[in-house]
Amino acid sequence: MSAIEDLLRKAYADAAQTVTPADIAPELPALGVRAERAQHSPRRLTISLLAPIATAVVVVVAAVAISRLASRPDIAPPAPGPTSSATASTGQQTPPPFFAALSQSGKSIQILSASTGRLLARLAPSAKGQFFSGVAATGKDGRTLLVAVEWGGCKTRFFKSVLSAAGKPGALHPAGIPVIDGILPDSTFTATPDGSAVAFADYFCDGSGSLVVDHPRTGRLVSWATDAGDRFVSISLSADGSAVGISGYEYAGLGPGAEPGTSSTRQSPVAAVLRSSPQEPVLDGQGVVVRQYSVVRLSPDDKTLYVCAKQGDQDRLDAYNVATKKLQRVVSSWASSTGNCVFTLDPAGQYALIAEADGHVSRLNLGTGKLTPLLAAGFSFSSLLTW
Amino acid sequence: MRDAAQSRHRYRGPATAAGVAELLSECQGEQRPLTHVADGNQLISEIYRTHGLSLVRLALVLVGDKPTAEDVVQDAFIGLFRGLDRLSHNDKALAYLRVSVVNGCRSVHRARRAALLRPTHHEPTVWSAEAAVLADEESRLTLQAVSRLPARAREVIALRYYLDMPDAEIAATLGVSRGTVSSTASRALASLTHALREQL
């Protein structure tokens with residue numbers, strides 16, 4: 001148990017003890033009467049009378065807003081940023097027209113316009129009791145979504161859905177990725193733009209876990225076993241799937257096979273780049289670029305690791321040179337949200353989409369650091385964006 | 001014998017006054033006749049006597065002040081009273097109440113946010129400096145840091161570290177996936193570790 005967990009248990013116990021049996025009413029009032037009153041109270045009557053009026057007002061206002069939005073042309077596609085080797089290798093200059101956001105509850109995936117931020121559609125799991133635990137945009141124009149679905153109990157299955165030209169998702173079909181007996185914490189699922197490799201961190205039902213890079217078309221699978229206590233916060237692949245950027249916590253300095261620590265002080269935040277090589281079986285201090293609690297994305301050519309971390313009340317995006325492990329530059333910063341940084345790169349690595357504290361999404365030019373807010377804010381806070 | 005005992009404890013019948021009374025008897029380790037509970041009102045009073053305090057405490061750690069916590073719990077019991085016929089299983093009563101309490105606390109926070117535009121008079125939270133209810137400064141600062149987390153993170157952390165619920169049960173209570181619970185808790189702990197680094 002970690003120190004912070006001890007603190008929390010003690011604090012809750014202390015707070016709970018401030019309410020003693022003598023503090024609360026020994027009996028409930030007659031509930032039948034209270035329930036009846038609550039159902040027929042004047043406030044409820046007022047609400048029931050006002051509700052249709054309010055609905056009508058909302059419909060009129062929404063109609064006006066929608067007509068204005070519809071008559072407003074989308075922003076032109078962003079001007080290309082600095083040319084990179086990644087751009088040349090992927091041959092993709094224009095960012096995909098849509099991006100997808102996984103809702104925090106896992107109950108839906110939102111499809112939004114990458115130029116206006118407008119909500120275009122929602123994708124829901126096929127049955128009750130199922131939850132999305134990951135989404136990654138792949139294929140031409142990023143229109144094939146690979147999704148991970150938590151399938152009751154402790155299983156995760158993978159599906160794909162192809163978006164129409166208008167961004168409407170098609171039916172979910174099996175993605176050809178083996179089922180896993182474990183769960184994926186959201187924000188730790190990703191894929192290469194061509195869909196040839198997927199990566200995820202899974203926690204098995206028996207408490208163990210691993211980091212997996214799977215190449216479903218070739219059957220090649222690389223996995224790193226993790227020590228109990230290792231936690232992944234974000235995972236990102238290079239364009240060819242040969243390198244994986246990770247952030248999270250590792251048991252620092254304990255070495256392979258070490259026993260889990262007993263205190264959080266033995267956990268160390270880490271942002272690292274691992275090569276998909278079976279010679280590196282265990283995640284322990286390998287490829288560390290910076291020791292910082294962060295969310296990371298790897299550039300398509302795996303030369304730059306974008307590291308987003310909190311700096312006071314700002315989220316700051318830094319670019320690190322993977323080879324030298326030196327900070328190249330501060331790309332940009334913005335008002336911090338209460339959770340982790342939420343951002344994603346376009347397949348060419350020219351732009352990022354970021355979720356800002358007030359819930360709207362902005363496009364960030366990684367070359368110039370310029371932030372362009374998307375017009376509409378139909379976006380509800382998400383833990384994972386994919387573009 | 002073992003099978004018979006198990007089947008009694010795992011009985012899943014429709015929610016009736018007698019059924020919930022049976023469940024309560026089992027919880028309390030008592031073997032009382034099932035017919036002593038005459039109506040829903042009496043039944044719910046029984047549940048209140050058994051679980052009322054723990055539910056008020058759960059609400060307190062989520063909203064921070066006692067009067068609001070009591071209101072939330074009473075509303076949850078009213079909800080249970082109204083929906084007793086629709087409760088599918090006997091053993092869902094406590095789970096239902098917990099979900100109601102968590103939802104009620106969420107509504108309180110939403111109302112407090114809306115009330116920022118006008119003067120409000122709710123009690124100071126137990127973790128605020130002016131309340132001076134918590135003797136332990138460390139606990140006060142810890143709960144203060146928790147109160148700055150996003151709503152879902154506060155709920156996950158409270159259910160995990162106050163009620164010691166397993167993640168699967170937290171997921172069912174909050175209506176989210178286990179993965180969401182796991183990653184929400186992980187992020188919350190990271191954030192708290194950062195916020196409370198001087199105390200650790």
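This is a predicted model: local features need pLDDT of at least 70, side-chain atom pairs count only at pLDDT 80 or more; totals for chains, interfaces and linings use all residues.
Reader: Which element of chain B has the highest mean pLDDT?
Author: Chain B averages a pLDDT of 74, and 71% of the residues score at least 70. Residues 1-38 of chain B stay under 50, with 42 contacts beyond four places in sequence in the model. Among the elements of chain B, helix α1 (residues 2-9) has the lowest mean pLDDT, 32. The highest mean, 93, belongs to α7(B).

Reader: Which element gives the most residues to the side of chain B that touches chain A?
Author: In the contact between the chains, 50 residues of chain B meet 45 residues of chain A. Two or more residues on the chain B side come from each of α3 (40-63), α4 (66-83), α6 (137-147), α7 (151-161) and α9 (178-195) of chain B. The most, 12 residues, come from α9(B).

Reader: How many residues of the side of chain B that touches chain A are nonpolar, polar and charged?
Author: The side of chain B in question has 50 residues in contact with chain A. Of the residues on this side, 9 are charged, 16 are polar and 25 are nonpolar.

Reader: What ipTM does the predictor give the complex?
Author: Two scores are given for the complex by the predictor. The pTM is 0.62, and the ipTM is 0.74.

Reader: With which residues is B:Ala59 in contact, leaving aside neighbours within four places in sequence?
Author: B:Ala59 is one of the residues that touch the most other members of the largest nonpolar core. B:Val101 is named in that group as well. Beyond four places in sequence, the contacts of B:Ala59 are B:Ala69, B:Val72, B:Val73, B:Val101 and B:Cys105.

Reader: Which residue in the turn between β18(A) and β19(A) has a positive phi?
Author: Strand β18 (residues 304-311) and strand β19 (residues 314-321) of chain A run antiparallel and are joined by 8 bridges. Within this pairing, A:Cys308 stands opposite A:Leu317. The hairpin has 2 residues between its strands, and the turn residue with a positive phi, about 65°, is A:Gly312.

Reader: In β20(A), which residue is the bridge partner of A:Asp315?
Author: β19(A) also pairs with strand β20 (residues 326-335) of chain A, in the antiparallel sense over 8 bridges. These two strands form a hairpin with 4 residues between them, where A:Lys325 in the turn has a positive phi of about 60°. The bridge partner of A:Asp315 in β20(A) is A:Trp334.

Reader: Which are the edge strands of the open sheet of 4 strands in chain A?
Author: The order of this sheet is β4-β5-β6-β7, with antiparallel pairing. At one end, 2 bridges join β6 (residues 156-162) to β7(A), and A:Lys160 has A:His173 as its bridge partner. The strands that pair on one side only are β4 (130-138) and β7 (173-174) of chain A.

Note on methods
Residues are numbered from 1 along each chain as its sequence is written. Chains are lettered from A and ligands numbered from 1 in the order in which they are written. Two residues are in contact if their C-beta atoms, placed from the backbone, lie within 7 Å. Ala, Val, Leu, Ile, Met, Phe, Trp, Tyr, Cys and Pro count as nonpolar, Asp, Glu, Lys and Arg as charged, and the others, Gly among them, as polar. pLDDT is the predictor's confidence in each residue, from 0 to 100. Two strands pair if DSSP finds at least two bridges between them. A nonpolar core is a set of buried Ala, Val, Leu, Ile, Met, Phe, Trp, Tyr and Cys residues joined through C-beta atoms within 7 Å. A residue is buried if 20 or more other C-beta atoms lie within 10 Å of its own, exposed if 12 or fewer, and partly exposed in between; C-beta atoms are placed from the backbone.
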